[in-house]
Amino acid sequence: MRIVFYIVLIGCMLCFSASYTQAIKGNVISKSDVVAFANIVVEGFELGVAADENGDYFIDSVPLGKRYIIVSSVGMQDKRLYVDIKNGINIIDIKLEELVY
């Protein structure tokens, strides 16, 4: 009987903790195409990823609240976004402008 109690307790704890995780996902594009391998960083935290070849990215375990997201890529102007991170998955699609020399 104790084993069943502990299994149920651990299951409830896992479900409870999973409901309070938040993430950022989205796509990085430019005027004409996707921006492959762009860097996306949550300012002030050691969180960041590089987008894949399709411009898609996913950052897990982002702290709740208002945060700055910095996006950079070769040949593009850097972009700094102020976003409010809420519980769950936050979808943030990012459009970068090409650098003009």
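The dialogue below takes up an aromatic pair and then a loop residue.

Modeller: This is a predicted model, where local features need pLDDT of at least 70, side-chain atom pairs count only at pLDDT 80 or more, and totals for chains, interfaces and linings use all residues. Residues are numbered from 1 along each chain as its sequence is written, and side-chain values use heavy atoms, with hydrogens and water left out.

Biologist: How many aromatic pairs does the structure hold?

Modeller: A pair of aromatic rings is described by the distance of the centres and the angle of the planes. Rings of Phe, Tyr and Trp (its six-membered ring) pair if their centres lie within 6.5 Å; planes under 30 degrees apart are stacked, over 60 edge-to-face, and the rest tilted. The structure holds one such pair. Tyr 68 and Tyr 82 are tilted, with 4.8 Å between centres and 45 degrees between planes. Tyr 68 is in strand β5 (residues 65-72) and Tyr 82 in strand β6 (residues 79-85), 14 residues apart; strands are DSSP runs of E, at least two residues, numbered from the N terminus.

Biologist: Which residue lies over the face of Tyr 68?

Modeller: Arg 80 does, at 3.7 Å from the ring centre. The criterion is NZ of Lys or CZ of Arg within 6 Å of the ring centre and within 35 degrees of the ring normal.

Biologist: Is Met 76 buried or exposed?

Modeller: Buried means under 20% relative accessible area, exposed over 50%, partly exposed in between (1.4 Å probe, protein chains only). Met 76, in the loop between β5 and β6, is buried because its relative accessibility is 13%. Its C-alpha is 5.7 Å from that of Glu 97, 21 residues apart in sequence.

Terms used:
Helices (H or I, at least four residues) and strands (E, at least two) are DSSP runs, numbered from the N terminus.
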